[in-house]
Every structure is written in structure tokens, then in C-alpha cells.
Amino acid sequence: MQTQELQDIASQVRRDIVRMVHGCKSGHPGGSLGCTDIVVALYFQHMKTNNRKGKGGYISFKMDGTDEDLFFLSNGHISPLFYSVLARKGYFGVEELSTFRKLNSRLQGHPTTHEGLPGIRVASGSLGQGMSVAIGAAMAKKLNGDKQSVYVLMGDGEQQEGQVWEAAQFAPHHKVDNLIAIIDLNGQQIDGSTEEVMSNRDLKAKYKAFGWNVMEIKEGNNVEECVKGLRKAKRLSGKGQPIMILLHTDMGAGVDFMMGSHKWHGIAPNDEQLAAALAQLPSSLGDY
Amino acid sequence: MKKYTYTESKDTRSGFGDAMTELGESHPNVVALCADLVGSLKIAPFIKNHPERFIQVGIAEANMMGIAAGLTIGGKIPFASTFANFGSGRVYDQIRQSIAYSDKNVKIAVSHAGLTLGEDGATHQILEDLAMMRSMPNMTVINPCDYNQTKAATKAVADYEGPVYLRFGRPVVPVFTDADQKFEIGKAWMVNEGKDVTIIATGHLVWEAIKAGEKLEAQGIDAEIINIHTIKPLDTAAILKSVKKTKCVVTCEEHQANGGLGDAVAQTLSQNFLAPQEYVAVNDSFGESGTPEQLMVKYGLTSDDIVAKVLKVIARK
């Protein structure tokens with residue numbers, strides 16, 4: 001796919017995100033907008049996924065993901081991004097995005113398998129659990145002789161959870177080298193900057209010391225750089241070490257007044273703010 | 001009173017370990033995980049036969065639960081094993097989100113439940129796990145009574161699709177059930193038919209209930225004894241049928257009175273058929289160090305305690 005096409009998708013996904021959180025007056029736009037480029041790069045360019053269409057013209061999703069690359073979202077609060085990408089990819093209809101966080105929806109506040117939404121393989125939201133699940137899925141692939149990779153995205157605030165470090169210690173010890181983990185380094189969490197709230201200090205040095213092969217994507221809101229970085233990560237994988245990508249992003253990327261602040265971590269725009277946001281985001285694929 | 005005898009005593013966790021050895025051969029998708037307690041869980045033979053299907057997680061139970069959830073995505077049947085304390089309360093949220101809410105086919109296999117872990121004391125003597133696991137949607141909770149039943153239960157849950165909490169003890173207890181028994185999840189086992197009182201027991205307290213039944217028989221009391229090995233889903237039909245006949249019930253468990261088997265039975269009775277009930281259980285207390293036998297006596301879980309509660313509940317009829 002051309003870079004322009006990926007940028008167009010990213011712009012549409014960002015429109016979906018702000019419209020979804022506006023529609024239910026709740027949700028997490030900041031981190032969703034910041035991680036848009038990497039998740040679009042993963043689903044529309046980088047990952048090998050089963051795109052075979054089944055019932056209703058949607059991708060026939062298989063939970064076991066045999067011979068597919070798998071993606072796990074550990075910081076589940078950026079669900080608007082995940083839902084938009086899955087819908088735009090073709091797992092379910094984009095019109096369903098309007099049900100986000102509303103009663104009887106498959107698009108719960110945080111992602112879940114429990115409502116049967118295609119594309120999701122585990123519930124997330126309670127932080128710190130996704131990397132463990134990704135490790136398990138990666139080890140199952142090895143046991144099955146499946147050569148594809150497993151990706152997991154975490155937040156930087158999430159690095160404060162102890163379970164993350166249990167998993168960080170495990171993956172190199174057991175040589176889970178088909179695992180590519182990504183940390184969204186936006187430097188923000190609910191109560192303020194990660195530096196103020198609970199400094200992660202040097203994540204690169206920490207993960208290196210734990211035995212990971214650590215790389216960075218410095219421009220995490222440049223979709224082309226995301227694609228390049230993911231290609232590099234894939235090249236580095238399969239060599240006895242899990243791969244860690246430190247992804248530098250801006251919380252709220254794409255909407256100027258949401259950028260660079262923790263304030264838009266978990267609140268929805270009002271009508272005027274929505275209009276101002278949409279004015280900055282060209283509609284490329286048509287709104288839901 | 002039906003006669004129950006035994007020729008040997010074994011720990012229930014050995015029933016788990018021996019079942020795992022068999023599952024290693026019969027079920028190529030079974031994977032064992034352990035958090036640095038291989039010896040305690042008796043899975044060394046499984047590991048020796050299938051090293052590639054064993055995952056040593058180290059002392060990191062939260063990570064173990066997540067990895068187990070992930071393994072199911074690739075079609076594996078993971079048995080995540082540790083002590084009951086570390087496989088329930090310590091990782092409640094991991095079980096809740098990554099396993100139960102995510103509908104993952106994980107078997108949480110835990111030993112050393114309850115007071116009879118003994119000398120290690122209250123830090124390790126979980127008495128709240130049945131309450132936690134029973135209150136969790138989507139979770140099946142099983143607490144078998146002896147070596148043979150544990151072995152049969154372990155094999156049964158491997159063929160059941162869905163999350164299971166499978167609980168064993170540490171000490172050796174009489175092996176009195178059949179070696180070739182069929183284990184039906186959610187189906188109560190009628191140990192002895194009687195008419196004067198229903199004794200509902202789980203885990204190794206089933207044996208105490210049998211001993212109590214014999215003592216009661218000597219006093220002219222005809223006790224019906226039911227083994228509830230599956231705490232959830234509870235065989236409410238069997239319970240109601242029995243209590244409607246006997247009009248009173250004593251529940252027996254190595255667990256807190258709050259939230260365990262007794263409360264599950266009370267919940268059923270309160271909605272369907274009112275009858276006096278007495279609890280043989282730990283009464284809102286932590287345990288302490290001691291031998292298993294001493295602790296059973298001090299915390300009121302022996303056959304004599306069951307007899308006393310039976311006399312009390314019959315007087316309330």
C-alpha cells in the first residue's frame with residue numbers, strides 16, 4: 001500500500017475516534033489518536049492476516065489465528081482506535097462504530113471477546129496483562145510450528161504495573177523471539193506526565209538489561225516511519241530474543257488542541273471541539 | 001450406612017500429577033505451566049515425557065495466568081498450577097479479565113488449599129478461594145475428595161471447554177472412591193442414602209462425613225451423605241431432593257463459612273425449600289501453623305464436629 005493510502009486511512013480512523021468518543025460522551029481519545037499510525041501500519045501494511053471474506057462480506061475471523069500474525073492491545077482503553085481499525089479493515093461493519101460504549105453493544109468500553117466482536121482475542125483494560133497473553137499466544141505458535149509473529153501494544157504508564165516486568169523477565173528467558181512488543185511512549189497518563197506520576201526512567205536500558213533486543217521508532221506519528229520500523233523489528237525477530245519497539249508518539253496526534261497534554265487522556269470533546277477536530281482530519285473513506 | 005473402606009492413603013495432588021502423566025499421552029494439546037512448585041504439584045513425570053509442553057514460569061503467577069490464556073488462542077489446553085493461595089486471590093484480576101471474561105479454556109490447578117497445608121501457616125492457607133472463584137462468572141469450580149476422584153476430575157476437565165478452578169489439598173487422605181469412576185462435572189455423588197439428615201461435603205471432608213455417618217448410625221441416626229465435588233455449577237436438584245426428604249442439612253468444607261459450599265447450599269435452599277442448616281467450616285478466621293490433624297481439630301472440621309452439628313440441626317427441625 002502507498003504511504004498516501006495509509007495516511008488517508010489514518011485520517012479516517014482519527015475521525016472515527018473523535019466521533020465515537022463524542023457520540024457516547026466518554027472514552028479515551030488521546031492515546032487512541034497517538035497510536036493510530038502504528039496500528040494502521042500493522043493492520044493495513046505490515047501484518048499477515050487472514051482477509052478471507054465470509055458471512056455478510058466481512059472477514060471470517062478465526063480465534064486461533066493459525067498462520068496469521070496476531071495483535072494484542074494491552075492498553076485496552078484506546079479501544080476506539082482498535083474498533084475503528086478492525087471495522088475499516090473489514091472485520092465488521094463501520095456503522096457499528098456508532099454503538100461504542102452504549103447499552104447492548106459489542107463495542108464495550110474496553111475490548112472483550114465476551115460479546116463476540118470479530119478481531120478481538122482477549123479482553124484488556126485492566127492494565128499490565130496483555131504482554132503475558134501475547135507471550136502465551138507466541139509460545140502456542142511455536143508449539144504449532146506456525147511461523148507468524150505476535151505483536152502487543154502497551155502504554156508507557158502501563159509499565160508501572162508489576163505484571164509487565166514478570167512478562168519482561170519471562171520472554172527473553174524462554175527465547176520468545178516471535179514476539180514483537182511495542183510501548184507507546186507518549187509520556188502522559190491520567191494524573192499527569194509519566195515523569196511526574198511515576199518515572200519509568202530509562203526503559204531502553206531496563207528492557208536491554210532484561211534481555212530484549214530494543215529498537216526505537218522516533219517518529220511514531222509518521223506512518224511511513226512506523227512501517228519501516230516494523231519491518232526492521234521483523235528482521236530482528238527470530239534470533240533468540242524478543243523485540244521491543246519504543247514508539248515515540250504524541251498523545252492526541254492529529255488534533256492540535258488535544259496534543260501534548262494528559263488532559264485528553266479520558267474525556268470526550270463537546271460539539272464545538274468535535275467540529276474543530278474534524279476540520280483538521282480529512283475524510284478519506286467516508287464517515288460511518 | 002454403606003460401608004466404605006480403603007487400603008491406602010494418598011494426597012489428592014498426586015491424583016492430579018498422575019492424571020497429567022496420562023493426559024500427556026492422550027491429549028497432545030495439553031500444556032503444563034508451573035510457578036516454581038513442580039515437586040508440590042507432582043508433574044515431574046509429565047515434564048520428563050513432554051519437556052516441550054511444560055512451561056516453567058518462575059515465581060510470577062500473574063504472568064502465568066496471562067500466558068495460559070494466550071496459549072488457548074493457539075488451541076492449547078493449559079493447566080496452570082501452583083498453590084491455591086497464589087492461583088486465586090493473588091491473581092484474581094488476571095483470572096477475571098484474561099481468562100473468565102475472555103472465555104479462555106484455561107485449567108487452574110491448585111494444591112495446598114485450606115488449613116491442612118499445615119505448618120506454613122495462614123499466609124499460605126487460603127480459605128477464601130471457593131468464594132472468590134464461585135462468584136466469578138463463567139468459572140467452573142471443582143474440589144474433589146480423594147486421589148481417585150482428583151485423577152478422574154483432572155481428566156474430565158481436560159475434555160471440558162471453558163475455564164476451570166480445580167482445587168486439591170496437601171495431606172494424604174484415604175482413597176475410598178473407585179479407581180475407574182466416571183467424573184461428571186456438576187453432578188453430585190450420593191455417598192450414602194439416609195432419611196434423618198443430609199450431610200453435604202466437599203474435598204477430603206467427605207471422608208470425615210463418612211466417619212460421622214458411622215458414628216451417627218451407632219446413635220440411631222440415618223444420615224444421607226452427598227459429595228459435592230463441583231461447587232459450581234452446583235447440583236441443586238440433588239441437594240433439594242435430599243433436603244426435602246431429610247428436612248435439615250449440614251454442610252462441610254475446608255473453607256470459610258462465608259461464601260463457600262455452605263453458602264451455595266443456603267442460597268439454593270432459601271429460594272426453594274426452607275430447612276435448618278448448620279455449617280462445618282472455618283468461621284471468619286485465618287488459620288495458623290500446626291499439623292493438619294491439630295488444625296482440623298482446633299478449627300472444628302473433624303467427624304466429631306460434623307456429628308455435633310448434625311445433632312444440633314436435627315434438634316432445630
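User: What share of the contacts in chain B with a separation of 6 or more comes from residues 24 or more positions apart?

Analyst: That share is 80%. Two residues count as in contact if their C-beta atoms, placed from the backbone, lie within 7 Å. This is a predicted model: local features need pLDDT of at least 70, side-chain atom pairs pLDDT 80 or more, while totals for chains, interfaces and linings use all residues. Residues are numbered from 1 along each chain as written, with chains lettered from A and ligands numbered from 1 in the order written.

User: How much of chain B is buried?

Analyst: Buried residues make up 60% of the 317. Buried means 20 or more other C-beta atoms within 10 Å of the residue's own, with C-beta atoms placed from the backbone.

User: What makes domain 1 and domain 2 of chain B separate entries, and how many residues touch?

Analyst: The bounds come from an automatic or database domain assignment: domain 1 is 9-174 and domain 2 is 189-315. Between them, 27 residues of domain 1 contact 30 residues of domain 2. Elements giving two or more residues to the domain 1 side include helix 6 (129-134) and helix 7 (147-158).

Technical notes: A residue is buried if 20 or more other C-beta atoms lie within 10 Å of its own, exposed if 12 or fewer, and partly exposed in between; C-beta atoms are placed from the backbone. Helices (H or I, at least four residues) and strands (E, at least two) are DSSP runs, numbered from the N terminus.
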